[in-house]
Structures are given as C-alpha cells and as structure tokens.
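Good morning, and thank you for joining. I would like to take you through some of the packing and pairing in the structure that is now coming up on the screen.

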Amino acid sequence: MSETKPVVLLAEELSPATIAALGPDFEIRRANGADRGELLSAIADVDAILVRSATQVDAEAIAAAQQLKVIARAGVGLDNVDIKAATQAGVMVVNAPTSNIISAAELTVGHVVSLSRHIPAANAALKNGEWKRSKYAGVELYEKTAGIIGLGRIGALVAARLQGFGMNVVAFDPYITAARAQQLGVKLVELDELLATSDFVTIHMPKTPETLGMLGADAFSKMKSSAYVVNVARGGLVDEDALYTALKDQQIAGAGIDVFVKEPSTDLPFFEFENVIVTPHLGASTEEAQEKAGVSVAKSVRLALAGELVPDAVNVAGGVIDESVRPGIPLIEKLGRIFTALTRDSLVSLDIEVAGEISTLDVKALELAALKGVFTDVVSEQVSYVNAPVLAEQRGVAARLITTTDSPEYRNVLNLRGSTSDGTQIAVSGTLTGPKQIEKLVGIDGFEIEIPIAEHLVVLRYQDRPGVVGSLGAILGERGVNIVGMQVAPNAETSEALVVLTVDNSLPEGTLEQVRHAVGADFAREVDLT
C-alpha cells in the first residue's frame with residue numbers, strides 16, 4: 001500500500017512556480033476560499049492551506065480543520081488569519097515577509113514622482129482634450145527632503161532610491177541605531193522634526209495600536225503646506241478623516257495613498273481632490289512579488305510539514321536563524337530526546353542553557369528545538385516547533401532559556417537540566433566538534449564523556465569495579481549486538497561509573513535487563529533516535 005500524501009489546499013489562484021516549489025510529495029486540492037461554505041468543507045481534512053488575501057482563515061475555519069498543521073499566506077499581511085486561534089490549535093502560520101519589499105518601495109517612489117509632477121492629473125486632462133501645461137507645473141525632487149517614518153527593509157530601499165534623485169533623507173525610527181542610519185546615509189531625527197522639515201513624508205510602519213492614525217490631525221498641523229504624504233504600508237496609519245480635512249484646508253499639498261482602513265474603498269471623501277493619487281492596494285501587485293511570495297510560502301509549507309523549523313513562521317519565535325546557530329538545532333533536538341529517555345517520571349522544570357560564543361546571538365530557535373525533542377517521544381500528537389511550547393505549558397513544565405559566554409571546555413556547549421516530579425535531577429550536554437561539526441554527547445548527570453551521537457545509545461550507571469566492560473562485551477556479543485563506540489566515565493567521589501555505548505541496532509528484547517542485572521546497574525536506559 002502506498003503512503004498517503006499530505007494534503008495541501010490552494011484556496012486562491014497561485015502561480016505554477018508555487019506548485020512546482022511544493023513538489024510531488026503532496027496531494028494538491030483547490031477551492032474558492034472566498035466562498036465560506038466551500039472553504040469550511042474543503043479545509044476539514046487538509047494538512048496545509050495556502051491563501052492570499054481573499055480567504056478568511058479565522059477561528060471557525062481553524063476549528064473545522066482537524067488535521068491542519070500550517071496556514072501559509074502568499075504575501076506579507078496577515079489580517080485575514082487568526083494567529084491567536086492558530087497558535088492555540090498548534091497550527092503554524094507562515095507568510096512571505098520579504099517577497100514584496102522591492103515592489104512596495106518602487107510603488108512608493110512612483111507615488112512620490114507622480115505627486116511632484118502631477119502625472120495622473122495631467123494625463124487625465126490631456127486624454128480629456130485639455131492642454132494645461134501651466135496648471136500642472138511641478139517641483140524637482142533634487143535637494144528636497146524626504147522624511148521616512150520606519151527605516152526597516154522597505155524604508156531603507158525607499159531611502160536608497162530617493163537618494164538617487166539627489167534628495168536629502170531623514171528618518172524617524174525608535175528601533176534603528178544611529179550607526180545603521182549612518183550606514184544608509186540617512187539622518188535620524190525625532191518625529192516632529194521630520195514632519196516640520198520634510199517635503200515628502202512616507203510611512204513604512206507595522207499596523208499596531210501605537211501606529212494607528214500616526215499621521216493624523218496633529219501631524220498634518222506640523223507639516224509644510226507644500227509637503228506631500230505617501231502611504232503604501234498599511235491602511236489606518238494615515239487618519240483618513242484627518243487627511244480629508246488637511247487637504248480641504250490646504251494644510252498639505254497632496255497625498256499618495258495605496259492602502260485604506262476598509263478595502264475595497266472606492267468613494268472616500270478625499271478622492272475628490274485632484275492632488276490626491278490613489279491606487280487599489282498595488283504594493284505587492286507585481287508579477288515578481290506574487291511569484292516570490294508563492295514560492296517562498298511553498299518552501300515554508302514543505303519545511304513545516306516535515307517538522308522542521310521555518311524561519312518565516314510568525315507564531316513561533318524565529319526570524320532569520322544565524323548560520324552559527326543553525327547547526328545546533330538538530331543537536332539540541334537530539335539532546336531533548338536523550339533527556340526524555342533518561343527520565344523516570346514526569347518533567348516539572350527544564351533549563352535550556354546555551355554556553356559559549358553563540359550565546360550572544362539570537363538562540364530562541366534552540367529553545368524551541370529542545371522542547372520539540374523533549375516531547376517528541378512522549379506525546380501522541382505530532383510535535384512541531386509551534387506546539388512544543390504549548391505542550392510544555394499544558395503539562396506544567398516551566399521551561400527557561402539561559403545564555404552564558406562561559407564555556408571553558410568547548411567553543412559552544414548546549415545543556416539541558418531538569419527536575420521530575422519525584423525530585424530527580426537530570427542533565428545532558430552536547431557540542432559540535434571539528435570542521436565537519438560532529439554531534440557529540442559530552443555530559444550526562446555530571447559525568448564527563450565525549451562520544452558521537454548515534455541512532456542507538458545505551459546508558460548504564462553502576463558501582464565502578466573491574467570486569468564490567470568485559471561482561472558488557474560478552475553479553476552483547478552473545479546477543480549479536482555490535483558495539484560501535486564506548487565511553488566510560490568514573491566518578492572517584494561516589495565510586496560510580498557511567499558508560500555510554502553506541503550500537504548498530506536496537507537491543508534484542510530482554511538484553512537491556514540482562515545487562516543491567518549482570519553489571520548491577522542502578523540505572524539502565526536504551527535511547528532510540530531513529
């Protein structure tokens with residue numbers, strides 16, 4: 001019988017390149033996501049859904065999708081996805097945060113140029129049989145000041161393009177350092193100074209309670225009467241009622257608006273002004289952006305359904321993972337599984353410690369990977385980087401991420417330390433060594449070892465005495481078990497010893513108990529990482 005393929009639902013029209021990026025490993029279904037009844041029926045048994053902006057993936061839709069593991073939005077905004085409901089259901093939400101940045105930056109510049117030279121109005125007049133050169137005389141951008149609110153990825157691209165016109169660029173962004181602004185050739189200023197000195201103001205902020213209506217009556221009162229406002233970011237950043245009043249009272253010279261509080265909007269009051277240029281949310285509407293978005297989320301779906309960490313997941317701590325951190329992800333996930341295999345009772349607390357050079361980087365991904373490893377072999381549901389923290393919370397496990405640069409033995413070392421409900425303390429440590437970044441187990445419960453991690457491990461703790469290793473070898477040899485590697489770690493203070501074996505295959509039934517009895521081990525565990 002052939003294995004059933006995961007089902008991916010395309011709820012809106014997506015490019016052939018998107019389908020190609022998904023590859024042959026999925027069953028592809030299609031539905032009209034804008035038709036509510038059709039969506040709720042189609043989503044019931046799918047593993048992933050790909051949408052653009054017309055499909056509402058809300059709590060009702062998520063509840064109807066019993067097998068859903070990932071929601072992918074082929075674009076930047078996620079207004080049509082209930083992220084909270086998805087997270088509670090253990091469903092990953094991904095988008096394509098960089099797919100439209102060039103398109104959005106270019107449209108912003110298009111609005112700036114069109115406003116400065118009255119291009120749309122002049123075009124409409126001439127096509128209407130009117131030759132009005134003097135009426136549509138404009139201004140040069142050269143040596144004018146552009147004020148950019150939000151110097152993130154799109155804001156930085158806009159800055160570079162406007163500098164190409166010879167404009168002076170100032171910016172307001174409380175999260176950007178002066179060094180970064182200097183690198184971009186931009187002067188950081190306070191918002192009031194930006195508003196007072198800029199000839200063109202563009203906004204590139206996320207939509208939050210703090211930024212809603214950021215350009216409103218107060219802001220317009222501080223701007224030059226010859227200044228223009230451009231918003232290609234999010235509807236609501238510009239107060240639409242205040243914009244109408246500012247234009248009517250000639251507080252500002254004009255505006256270029258691509259996004260609106262309610263969409264579609266076709267008859268807002270400020271549409272009546274000739275010095276206003278409006279476009280129907282075209283920021284991401286280029287062939288290149290649409291294709292990049294589709295391909296990007298298709299790749300994320302592949303990763304998500306494979307249980308991998310997805311850099312573009314929005315409801316897990318992530319973002320771009322530093323190349324120095326990335327090799328530690330599979331290592332710490334294995335350490336989590338080893339940790340669980342060594343426990344005797346339910347876990348109460350877990351410290352995830354990252355020590356060494358990488359501790360100065362963003363290592364949140366390592367915490368997620370550790371939790372995923374810890375729960376992979378103890379819960380019935382599929383464990384992902386999204387629901388692993390939820391599983392920890394549901395089970396009352398207090399997880400804590402600790403970072404320290406102190407790592408005297410190794411360049412970097414990953415430590416898991418925890419307590420179980422019976423009071424037992426457990427600890428495992430691992431590191432990556434050499435040019436090939438070999439995964440090694442370097443510590444268990446205070447015993448120092450160094451052995452490559454393999455799919456099959458055996459861990460024993462016993463009173464140290466002569467002949468134990470020989471007995472081990474004899475029993476395993478009789479059982480046809482090939483020992484690939486062995487590390488013995490004695491503890492002089494307690495007279496105990498810990499031995500870790502790597503073997504070719506799982507132990508035959510009864511072998512572990514035979515070994516435990518033969519060597520008098522007070523602790524014996526087999527770890528299967530297949």
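**Helix packing and sheet order**

I begin with a crossing: helix H16 and helix H17 cross in a right-handed manner, meaning that the near helix is turned clockwise from the far one by less than a right angle. The residues in this contact, defined as heavy atoms within 4.5 Å, are Val468, Leu472, Ile475, Leu476 and Glu478 of H16, with Thr511, Gln514, Val515, Ala518 and Val519 of H17. By class, seven are nonpolar, two polar and one charged; here Ala, Val, Leu, Ile, Met, Phe, Trp, Tyr, Cys and Pro count as nonpolar, Asp, Glu, Lys and Arg as charged, and the others, Gly among them, as polar.

Before going further, a word on the basis: this is a predicted model, in which local features need pLDDT of at least 70 and side-chain atom pairs count only at pLDDT 80 or more, while totals for chains, interfaces and linings use all residues. Residues are numbered from 1 along each chain as its sequence is written, and side-chain values use heavy atoms, with hydrogens and water left out.

H16 spans residues 468–478 and H17 residues 511–519; their axes come within 10 Å and cross at roughly 155 degrees. Axes are lines fitted to C-alpha atoms, for helices over the stretch in contact, with angles from 0 to 180 degrees between N-to-C directions. H16 and H17 are therefore roughly antiparallel, the term for angles over 145 degrees. Helices (H or I, at least four residues) and strands (E, at least two) are DSSP runs, numbered from the N terminus.

Now to the sheet. Six strands form an open, mixed sheet in the order E14-E13-E15-E16-E17-E18, where pairing requires at least two DSSP bridges between two strands. E14 (398–404) and E18 (447–452) are the edge strands, each with a single partner, so one side of each has no neighbour in the sheet. The twist from one strand to the next averages 20 degrees.

Within this sheet, E16 (residues 425–433) and E17 (residues 438–444) pair in the antiparallel sense over six bridges. Gly430 stands opposite Leu441 in E17.

Which strands does helix H13 lie across? H13 (residues 328–342) lies across E13 (347–356), E15 (412–420), E16 and E17, and runs at about 155 degrees to E16. Helix H14 (residues 364–376) lies across E13, E14 and E15, at about 140 degrees to E13.

Thank you; I welcome your comments.

Terms used:
Parallel < 35°, antiparallel > 145°, perpendicular 65-115°, else oblique.
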